[in-house]
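Me: Hi! I'm new to this one, could you walk me through it?
Reply: Happy to, let's bring it up and start from one residue.

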Amino acid sequence: MNEDALIRLFSCPETGQPLSLASNDIIQKINERIASGYIVNKGGKKITNGINGGLIRKDNRYLYPIVGNIPILLIPEAIPFESLFTI
């Protein structure tokens, strides 16, 4: 099974919406924001370690991080995606 087919099996644990793989450019920008101390997850915890990738919810409101090639599909670990690139 290829990566695209596998990703189509995942859905948001909160809403059931489909998830799509974030581009490398987006992940790079997120990791820059993490390094700067600007990222807080849905559970209110400041994120201090970079991520390897991410799965974006269809409505673009949240990104579920991929760490060590493992998708973290826990609601409190979701990163508010729509506000990532504003300060």
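**A first look around**

Reply: Val-40 counts as partly exposed, at 39% relative accessibility. Here buried means under 20% relative accessible area, exposed over 50%, and partly exposed in between (1.4 Å probe, protein chains only). This is a predicted model, in which local features need pLDDT of at least 70, side-chain atom pairs count only at pLDDT 80 or more, and totals for chains, interfaces and linings use all residues. Residues are numbered from 1 along each chain as its sequence is written, and side-chain values use heavy atoms, with hydrogens and water left out.

Me: Where does Val-40 lie?
Reply: Val-40 is in the loop between helix 2 and strand 2. Helices (H or I, at least four residues) and strands (E, at least two) are DSSP runs, numbered from the N terminus.

Me: And what does Val-40 touch, not counting residues up to four places away in sequence?
Reply: Val-40 touches Lys-45, Lys-46 and Pro-80. A contact means heavy atoms within 4.5 Å. Val-40 and Pro-80 are 40 residues apart along the chain, and their C-alpha atoms are separated by 7.9 Å.

Me: Let's zoom out. How many helices and strands does the protein have?
Reply: There are two helices and five strands. Going from the N terminus, the order is α-β-α-β-β-β-β.

Me: How much of the protein is buried?
Reply: Of the 87 residues, 31% are buried. The accessible surface comes to about 5400 Å², and 51% of that belongs to carbon and sulfur atoms. Those areas come from the Shrake-Rupley method with a 1.4 Å probe, and for residues only the protein chains shown count as cover.

Me: What about contacts between residues at least 6 apart in sequence, how many join residues at least 24 apart?
Reply: The share is 47% of those contacts.

Me: New topic: how many salt bridges are there?
Reply: The structure holds three salt bridges. A salt bridge is a side-chain nitrogen of Lys or Arg within 4 Å of a carboxyl oxygen of Asp or Glu. Side chains of opposite charge can pair when their charged atoms come close.

Me: Which residues are linked in the network of salt bridges?
Reply: The network links Glu-14, Lys-42, Arg-57 and Asp-59. Glu-14 and Lys-42 meet at 2.6 Å, N to O. Glu-14 lies in the loop between helix 1 (3-7) and strand 1 (19-21) and Lys-42 in the loop between helix 2 (24-35) and strand 2 (53-57), so this pair ties together parts that are 28 residues apart in sequence.

Me: And what about Arg-57 and Glu-14?
Reply: Their side chains form a salt bridge at 3.1 Å, N to O. Because Arg-57 lies in strand 2 and Glu-14 in the loop between helix 1 and strand 1, the pair ties together parts that are 43 residues apart in sequence. Arg-57 also meets Asp-59 in a salt bridge, at 2.9 Å, N to O.

Me: Is Arg-57 buried or exposed?
Reply: Arg-57 counts as buried, at 3% relative accessibility.

Me: Which backbone angles stand out?
Reply: Most residues other than glycine have a negative phi, and most peptide bonds are trans. Asn-60 has a positive phi, near 65°, and is in the loop between strand 2 and strand 3 (62-67). Phi of Asn-69 is also positive, near 65°, and Asn-69 is in the loop between strand 3 and strand 4.

Me: Is Asn-69 buried or exposed?
Reply: Asn-69 counts as exposed, at 68% relative accessibility, while Asn-60 is partly exposed at 39%.
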